[in-house]
Amino acid sequence: AASAPLSINQKRPEGGLTVRLRRASEMTMEPVNWLWPDWLARGKFHVLAGPPGLGKTSLVQSLATIVTRGGVWPDGSRCQEPGNVLVWSGEDDPVDTLLPRFAAMGADMSRVHFVAGLMRSEGNRAREAGDFDPARDMPLLTAQIAETGDVRLLMIDPVSQAVAGDSNKNAEVRRALAPLFEFARECGAAVMGISHFTKNSAERHPIDRVTGSLAFAAAPRIVLVAASIATMPDGGEKEDQRQVLVRVKSNIGPSGGAYVYQVEQVDLGREIRGSRILWGNYIEGSAQQILAQVEQTSNEWHGRSVLAEAISFLSELLASGPLPAKQVYSDANDAGHQKRTIDRAKKQLRVESVYDRQTQPHRWLWRLPQTGSQNTTSGNLGILGNLNVPAGTKDDNIAKDANNSSDDCAGIPGDWEE
């Protein structure tokens, strides 16, 4: 026989705590309140992770700028709920680093608020009461913002500083992150914590690469990752650094997919420099596919850059005639080239080894080939195509900051040219 519904209105013990139960039949479903559809949700905790030097903080500042202006997201859609953003950073100075970036990105400065410290009220006056500690003071911030409202995004950089205990212990990290969840829920804001990757973790699943306890990637509802692409659009003479923002996990929407971006320096005058994010194409695929391909491509291009320099060095060194192999290796070492790279350059140039019996002691000489041409190859870059900027993209699209009007973002291409 079917069991009767659980009674949740039983007599409660006087003066004691009870557990509150909610019957599903009496609850109403609600959609996720998206700030940026499928990428950034109000009332939820997010993490952005990746290696250092990829502009992760600038990425979050770019998203915050879009929120302050009701601007356009990288996919071309407009932010429908503009509002205030809060920024706490334990690493970057607001005055000489964060503020110039917001200026370069065109943020509405009246909607950007830095969590600068604590204040203590004394009668009609208030005085400074120390630094804000996200591991201790989040309840104070939550109570203050819950009253004022209209906060859409909070950035915590780095998120590890929200943990007072051992950041490698799952239970401690989850308890420490609870105030961030509470802030998101009570204030209706998207909370974005910034983290790093564990060193030498390229072969592991993206979720397992986030520094510290697994909780830093398991607890957030959405995890984004920044990764680097190194391309050579100018015939291999100049490296062009680009990155991708990958959606590696989402418990509330689709996962996978990525947007290409580039960090551009901006001169603001008076010896002040900022940076902004230039958004590029959308890349389809799973997070593991995209990251594996991007990191493989970056490594290949780095190797090709080193090899290209070695080929140029060896070609110039032997241009005036044969030289002893020992001298070639010695000169190459002085120029910063490793022996194995010179051997690869020798193979590419088809340098000939000739045994010299005219001198004492006998020796091996290297000389450029008398005929023929060097053999060069190009690798297959798979799902990312050739990673060069598609025709008409650099000036027309990728150099358009997503903070601009929807007209500026019209025509963003969907795929790389192959």
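Begin with the open sheet formed by three strands in the order 14-16-15, whose pairing is antiparallel. Its edge strands are strand 14 (323–324) and strand 15, each of which pairs on one side only. Two strands pair if DSSP finds at least two bridges between them. Strands (E, at least two residues) and helices (H or I, at least four) are DSSP runs, numbered from the N terminus.

Before moving on, please note that this is a predicted model, in which local features need pLDDT of at least 70 and side-chain atom pairs count only at pLDDT 80 or more, while totals for chains, interfaces and linings use all residues. Residues are numbered from 1 along each chain as its sequence is written, and side-chain values use heavy atoms, with hydrogens and water left out.

Stay with the sheet and select residues 352–356 together with residues 363–367. These are strand 15 and strand 16, which run antiparallel and are joined by five bridges. The two strands form a hairpin, with six residues between them. Which residue of strand 16 stands opposite Tyr355? It is Trp364. Likewise, Asp356 stands opposite Arg363 in strand 16.

Next, select Tyr329, which lies in helix 7 (residues 325–334). Tyr329 is partly exposed, with a relative accessible area of 25%; buried means under 20% relative accessible area, exposed over 50%, and partly exposed in between (1.4 Å probe, protein chains only). Apart from its neighbours within four places in sequence, Tyr329 is in contact (heavy atoms within 4.5 Å) with Lys339, Ile342, Asp343 and Trp366. Draw a line between the C-alpha atoms of Tyr329 and Ile342: these residues are 13 apart in sequence and 7.7 Å apart in space.

The following stops concern backbone geometry. Most residues other than glycine have a negative phi, and most peptide bonds are trans.

- Select Asp38, in the loop between strand 1 (34–36) and strand 2 (40–41). The phi of Asp38 is positive, near 75°, and Asp38 is partly exposed at 29% relative accessible area.
- Select Arg270, in the loop between strand 12 (258–269) and strand 13 (272–283). Arg270 is not a glycine, yet has a positive phi of about 55°. Is Arg270 buried or exposed? Arg270 is exposed, with a relative accessible area of 76%.
- Select Asp157 and Pro158. The peptide bond from Asp157 to Pro158 is cis, with omega near 0°. Pro158 is found in the loop between strand 8 (151–157) and helix 4 (170–187).

Now select Arg42, in the loop between strand 2 and strand 3 (45–49). Arg42 is buried, with a relative accessible area of 15%. Where does its side chain reach? The side chain of Arg42 comes to 2.6 Å from the backbone oxygen of Gly188. Leaving aside neighbours within four places in sequence, the contacts of Arg42 include Asn33, Leu35, Glu81, Arg152 and Cys187.

Select Cys187 and Cys79. Cys187 is buried, with a relative accessible area of 11%, and Cys79 is buried at 4%. How many disulfides does the structure hold? It holds zero disulfides, a disulfide being a pair of cysteine sulfur atoms within 2.5 Å.

Methods. A polar contact is a pair of N or O atoms within 3.5 Å; within protein, one must be able to donate a hydrogen and the other to accept it, and residues adjacent in sequence count only if both atoms are side-chain atoms.
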